[in-house]
Amino acid sequence: MLSLFQRKRTPPLAGPAPTPATEPPKGLTRPASAASLLATPRRQRLLEHIWQRTSLSRRQFASLYLAPLERYADLVQQFPASESHHHAYPGGMLDHGLEIVAYALKLRQSHLLPAGAPPEVQAAQAEAWTAGAAYAALLHDIGKVAVDLHVEHADGMAWHPWHGPIKRPYRFRYRKEREYRLHSAATGLLYTQVLDAEILDWLSAYPDLWAALLYVLAGQYEHAGMLGELVRQADQASVAQELGGDPSKALAAPRHALQRKLLDGLRYLLKEEFKINQPQASDGWLTQEALWLVSKTVSDKLRAHLLSQGVEGIPSNNTAVFNVLQDHGIALPTPDGKAIWKATITSNAGWSHSFTLLKLSPALIWEANERPAPFAGTVLVDQDATPETDAAEPTSPVAAVPGRPTASQPAPHAEASPAAMHALEAAAVDGVDALLELLSTPGGSDDPAPPAAASHVESSGEPPTPSGEHFMAWLKAGIASRRLIINDAKALVHTVSDTAYLVSPGVFQRYAQEHPLIGPLAKQEQQQPWQWVQKRFERLQLHRKQPSGLNIWTCDVVGPRKSRRLHGYLLEDPTRLFQDVPPNNPYLSVLR
């Protein structure tokens, strides 16, 4: 490994190359050096970001990352990434390659790899897995150069990528009737032109990583485990960014179809927990044409249910949850493209109240023969209201009679949301600012635990009563099932000073999110939900106090390039959470 760092390479960020003295014949493109291709401000910023996501010096980065990126640039030149889809412009393949590497390295930071290995093994292999994620992302589409494009010189002689980088002016066209998935199979022809023998020797020393990388390069993502998932998500994010979509939603998509999980969660809640069509306060109301659900109730309970099932990446912000439901076609938009409707519910008994609601199609929830009877009352949609929060006041109600559309009902194709329009504008200008802003923000883990591991603290039946004891049982079960990761960059539990360290307020906020019943209890005591949980935990007297009597301990977290501080509780007895206490997190130290 050290030998990789001894060789002299080009500087970490390539500089501009001299401009050719003469222009090539019309219709031909002159080959450019890697330094020239990578010298644009946008690509330089991406290269800088890629370096920041590694833990390497500039010299090490030049050997392990910049050199393969330069060889990739030499090979793909000004080719587009597709004929008419994403990055379909000269140089699009190089841009896509840099973007997907940047995204993959961002995502990789949320995972301990290889999954399930002891912490000391994960630490020893960390840099190899980081580099493997970058190489898998960079090379996933390189086979297109071999099978999708026909490239020739001025004299009509064909160029093939196994000839090495292009040396003479060239022109290209897309092959007609090309086979869509053939490029994955063709990757094996080319990856040795990007990754040199010493890098391949290094990677092959880690069997799990080597197998996963080869599966990705062969297009067999289903066998590549987390490495394949990182590449898939990074590819989606880069494509979404270039097409003017919202890459943050692509990044947040869990391993399995989020739409199915959202629908399954709603169906479960409507069957087991929600009360609908009540004569007074209710969780929702079903009319002939729509299911109206109280927005805050849906968000709180759906988030709690999915988190309890081990589904990560669920936003903690209600507005973000509403947007996810709308983006996946579950929540029907208002005429101005928003997810939240304002309406007044009136029952036949004379009870009436205004709510902020989500509107769903009943066909998504029930089969025709299973649908409950419609609400014996009216839903009055406020035509002009554009609520932003659950506290919005009603204006201008218009009757929504079952079976009869009103003027306030949305057109079949609503206009793009403001977020989507913003993304389109950003992409039209450059896209790199939005891309780098996204990559600099923290994200959740996208690797949910398998269903079998998503154990509940409680058994079926009534939801448990929140308490300090239940919090500890929930925490222990979450760690055992790996729903709650430990000793990771975003973990809520670490091991330090040979005991467990609970990050505050994060760990209490997570418990409160999964248990919405805490909200009313905390409100009675004029506390935030997480504060209510924290007080119940303190009453158990399971934590170690400082000599001064303070409950909270501060930890320094020292990383490769920056440090920060955490605040939390040290348990007296770590076996209350761990059957076998893991080694201490080497990046944390308690301040005395």
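**Close-up views of a predicted model**

**View B. The aromatic pair of Trp285 and Phe355.** The model contains 17 aromatic pairs. In the pair shown here, the ring centres of Trp285 and Phe355 are 5.1 Å apart and the ring planes meet at 45 degrees, so the pair is classed as tilted; the tilted class takes the angles left between stacked, under 30 degrees, and edge-to-face, over 60. Distant parts of the chain are linked by this pair: Trp285 lies in strand β4 (residues 284-286) and Phe355 in strand β7 (residues 352-360), 70 residues apart. Both Trp285 and Phe355 are buried.

**View C. The aromatic pair of Phe508 and Phe537.** The rings of Phe508 and Phe537 have centres 5.7 Å apart and planes at 50 degrees, and the pair is therefore tilted. This pair, too, links distant parts of the chain, with Phe508 in helix α20 (residues 506-514) and Phe537 in helix α22 (residues 529-539), 29 residues apart. Phe508 counts as buried because its relative accessibility is 0%. Phe537 is likewise buried, with a relative accessible area of 0%.

**View D. The aromatic cluster that includes Phe508 and Phe537.** One aromatic cluster is formed by Phe471, Trp474, Phe508, Tyr511, Phe537 and Tyr569.

**View E. Packing of helix α15 against helix α20.** Two packed helices are described by the angle between their axes and the distance between the axes. Helix α15 (residues 295-308) packs with α20 at an angle of about 110 degrees, and the two axes are 7 Å apart. Helix α15 is therefore roughly perpendicular to α20, as angles from 65 to 115 degrees fall in that class. On the α15 side, the residues in contact are Asp300, Arg303, Ala304, Leu307 and Ser308; on the α20 side they are Arg510, Gln513 and Glu514.

**View F. Arg58 over the ring of Trp51.** The charged end of Arg58 is placed over the ring of Trp51, at 3.9 Å from the ring centre.

Notes
Residues numbered from 1 in each chain as written. Predicted model: local features only at pLDDT ≥ 70, side-chain atom pairs only at ≥ 80, totals over all residues. Heavy atoms only, no water. Phe/Tyr/Trp six-rings, centres within 6.5 Å; stacked < 30°, edge-to-face > 60°. Helix = DSSP H or I, 4+ residues; strand = E, 2+ residues; numbered from the N terminus. Buried < 20%, exposed > 50% of the residue type's maximum accessible area, 1.4 Å probe, protein only. Lys NZ or Arg CZ within 6 Å of the ring centre and 35° of its normal. Axes fitted to C-alpha atoms, helices over the stretch in contact; angles between N-to-C directions. Parallel < 35°, antiparallel > 145°, perpendicular 65-115°, else oblique. Contact = heavy atoms within 4.5 Å.
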